Amino acid sequence: MKLIKNALWIVSLFHFLIAVGQYETKFGQLTIDEKEFTNYEKDTTAHAVYLYEKGENFFEIRGNYVWLIKKYRAKIKVVDNQGISVANIAIPYYHSDNGKESVEGIRAITHNGTVKHSLRQQNVFDTDVTERWSEKRFTFPAVQEGSILEYMYEIKSPFFFNLNGWKFQEDIPKVYTEYNAKIPGNYRYNRTLIGELSLQVNEAFIEEKCFSIPGTSDQADCEVLKYVMKDVPAFKEDESYMLSPKNYRSSLEFELSEHLRFNGITDKYTKSWKDVDKEFKADKDLGRQLKKENFFERNVPLDLISGGDDKLEKAKRIHEFVKNWFVWNGDYGIYWNNRVKQAFDQHRGNVAEINITLINLLNAAGIDTDMMVLSTRNNGLPKKSHPVMSDFNYLVAKADIDGNSYLLDATQKYLPFGMLPYRCLNYYGRVMDLEGESYWYDIVPEQTNSRAIRMEMSLNPEGGLVTGSYDEITKGYEVLIKKNQIITSTKEEYLNELEESSNGDFFIENYEMDSEQSNDKKLIEHFEFEMEGLESGETIYFNPFIIRFFKSNPFISEERYYPVDFGYLRSYMYYANVEVPEGYKIKELPEAIILSLPEKSGLLRFNCSELQGKIMVQYSLQLRAPHYTSEGYAFIKKFFEDAINAQNNSYLVLEKI
């Protein structure tokens, strides 16, 4: 009886291990479930899947030195031939003048059923990526559809700031991913859990007297951590309307805050904003570049900074001057190697050099202007909890004029005064005040951003033609998109692109830009067109949406675990008058549509009506919020589906009298 009870206990323990975590095997062995795994039911589109992944970080004395040890092991299933690319592995490691990480114990096996193919060490290569980072690279041998790729390695690091944390989510799904850490109390780290996915295991406890240094009697307690996620979906970076994936991909980040030595000395690594402000004011590079007003006073026309008493007009004049003086070289530099004088002389510079010139000129003109550092949309949101200066990669001017504040950038010639480029619409930045303390400042985008099309059309069934004209009125950030198209192409290329993006055999016969009514925030264009292919017969089916704002729904995923971010408010309007051709009458018009998003954050209206022999088509799509949470994704997806369906599948039905 006792033997039966023991056997039942062992079976129960086995199932418990499976329930709370992946049953761990020795390297080179697979579990029964792994051997029988064919496809991932939770994502049938996945070409490869992490079956198992585990990482360990701990501190260890080796050869009388303290090392940060990082261990890694993974098993990846190649589901089909498109997933074979996961066989290419790159292991990054860091080095500097003061030391170097070493990658040791690399082992890799390709499991093809019962046959195993091992990696030869001669097929592991070193590659330099940057001045500080290199990679160990290898490719699994004999990879084919159905292979399971298993590998492990260890990194020995002298750099305690390189406790990198863990990426729970990557571009392929994970059945099981586990991270463990054992951190002595001497080393204190700020930590951040990023993303909306939940941890299945979140454990932390203190292990007493776990760490000591040879030659000392002191011992430190350790914090022991274990985090587990299961069935982690792939993170799809090609989704439309999103900020940097770094903001949302589920991960755990560590940042070394301070080191408490056993001799009582404390080394601090995380600074306060007061520390940063002090360093910024004394900085020999960036701080000094902001104090070159005298140079610019001598090298620009005198009336640029002294002419007129209206500060706003003067600021606009200076902004226009800097935009036209420079060609932006495409670099985002902020902190290093900024040479404002040299860039000014060469009429070419990076973001910092151009916008520091703008700041100097504005201050020289008596306009109170500070530098604001920010992070671009594709670079991630800066941390507000503590200063991490590497979070910032862009620099703009903040000018205060007559009680109003303006954020200014001079890198684009067609960028209006008071508007930042779309790449900068990332919620907030840090204003670095040379006289006072730095502070956070919100980035508020232009509020009026729209495309409106007003169209007149005539149908000629006998000739199979639709002829007409339309005006397109574009405002705000939509103007910047349009101007970029116009500036970067010839007139012929621009019109050809419009013709190709339209619905049907569409030809622009005449085009004019209304320069008198257009300005830097509004663009008015006039088009005359002809469209072939109108079907004739007893019944005509005609889609009045010759121009469409969206060809297809930009939101295709069933679920989305991060917000939708449009950057700015948007409005799309389409008004068309369609003459009913002689000898025909209206048989059927599309049904009217009125839809709204929760809390009236979006509105769709569509209606067709008849008046004096004309069909009036009215369509309006308004996004009244720039940002929608992941919880609201299903509403946004359905909203766009209905909006696009209204354009693609709405037909006026006419019949012969």
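Modeller: Let me begin with pairing: two strands pair if DSSP finds at least two bridges between them, and strands themselves are DSSP runs of E with at least two residues, just as helices are runs of H or I with at least four, both numbered from the N terminus. This is a predicted model, in which local features need pLDDT of at least 70 and side-chain atom pairs count only at pLDDT 80 or more, while totals for chains, interfaces and linings use all residues. Residues are numbered from 1 along each chain as its sequence is written, and side-chain values use heavy atoms, with hydrogens and water left out.

Colleague: What makes S28 and S31 the edge strands of their sheet?

Modeller: The open sheet has three strands in the order S28-S36-S31, with antiparallel pairing, and strand S28 (539-542) and strand S31 (584-588) each pair on one side only. From one strand to the next, the twist averages 30 degrees.

Colleague: Why is H7 called roughly antiparallel to H9?

Modeller: Helix H7 (residues 311-325) and helix H9 (residues 351-364) pack at an angle of about 150 degrees, with their axes 10 Å apart, and that angle makes H7 roughly antiparallel to H9. The label applies to angles over 145 degrees, whereas those under 35 count as roughly parallel, 65 to 115 as roughly perpendicular and the rest as oblique. Axes are lines fitted to C-alpha atoms, for helices over the stretch in contact, and angles run from 0 to 180 degrees between N-to-C directions.

Colleague: Which residues of H7 and H9 make the contact?

Modeller: With contact meaning heavy atoms within 4.5 Å, the residues are Ala315, Ile318, His319, Phe321 and Val322 of H7 and Ile354, Leu358, Leu361 and Leu362 of H9.

Colleague: How do you know that Cys210 and Cys222 are joined by a disulfide?

Modeller: The S to S distance for Cys210 and Cys222 is 1.5 Å, and a disulfide is a pair of cysteine sulfur atoms within 2.5 Å, so the pair meets the definition. The structure holds one disulfide. Cys210 lies in strand S13 and Cys222 in strand S14, so the link ties together parts that are 12 residues apart in sequence.
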